[in-house]
Amino acid sequence: MEVDHEAIGFPAGIGGNGKVKLNKRGLVYLLKDIILDLCGFDPEQEAAAAYSSAYAAFFLYGWIEVWFRRGMKETAAELAGCLKSGMNGTV
């Protein structure tokens, strides 16, 4: 699936100096199907695989949405640290 990044608010090349406008425009939901696809979700999969891939996709989608709503303040390293803390039960 080819995505027109400028049309949905990403700076050219993603990761430039521009701000993602998806949240401001109420379009974060557009990422949902892309993330489901990236996580390998297919409704025709066996139940365990379908639910597992959906779980992973919506976990990522939720984190991305919260990150956008918080103004994308955290770096990738900080987000990874949050994930590690959560997995260790230290959040």
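## Basis of the model

The model is predicted, and local features need pLDDT of at least 70, side-chain atom pairs count only at pLDDT 80 or more, and totals for chains, interfaces and linings use all residues. Residues are numbered from 1 along each chain as its sequence is written, and side-chain values use heavy atoms, with hydrogens and water left out.

## Confidence

The mean pLDDT (the predictor's confidence in each residue, from 0 to 100) of the protein chain is 78, and 74% of the residues score at least 70. A contact here means heavy atoms within 4.5 Å.

## Overall architecture

The protein chain contains 3 helices and 0 strands, in the order α-α-α from the N terminus. Helices (H or I, at least four residues) and strands (E, at least two) are DSSP runs, numbered from the N terminus. Of the 91 residues in the protein chain, 20% are buried, where buried means under 20% relative accessible area, exposed over 50%, and partly exposed in between (1.4 Å probe, protein chains only). Among contacts with a separation of 6 or more, 37% link residues 24 or more positions apart.

## Helix 1 against helix 2

Helix 1 (residues 31-38) and helix 2 (residues 47-69) have axes that come within 9 Å and cross at roughly 140°. That angle makes helix 1 oblique to helix 2. Axes are lines fitted to C-alpha atoms, for helices over the stretch in contact, and angles run from 0 to 180 degrees between N-to-C directions. Angles under 35 degrees count as roughly parallel, over 145 as roughly antiparallel, 65 to 115 as roughly perpendicular and the rest as oblique. The crossing of helix 1 with helix 2 is right-handed. On the helix 1 side the contact involves Leu-31, Lys-32, Ile-35 and Leu-36; on the helix 2 side it involves Ala-54, Ala-57, Phe-58, Leu-60, Tyr-61, Ile-64 and Phe-68. These residues comprise 10 nonpolar, no polar and 1 charged. Ala, Val, Leu, Ile, Met, Phe, Trp, Tyr, Cys and Pro count as nonpolar, Asp, Glu, Lys and Arg as charged, and the others, Gly among them, as polar.

Lys-32, in helix 1, is partly exposed, with a relative accessible area of 32%. Not counting residues up to four places away in sequence, Lys-32 touches Phe-58 and Tyr-61. Ala-54, in helix 2, is buried, with a relative accessible area of 17%. Leaving aside neighbours within four places in sequence, Ala-54 is in contact with Leu-36 and Phe-41.

## Helix 2 against helix 3

Helix 2 and helix 3 pack at an angle of about 130°, and their axes are 13 Å apart. The two helices are therefore oblique to each other. Phe-59, Trp-63 and Trp-67 of helix 2 meet Leu-79, Cys-82 and Leu-83 of helix 3. The residues of this contact divide into 6 nonpolar, no polar and no charged.

The loop between helix 2 and helix 3 holds Met-72. Although not a glycine, Met-72 has a positive phi of about 55°.

How values were computed
A crossing is left-handed if the near helix is turned anticlockwise from the far one by less than a right angle, and right-handed if clockwise.
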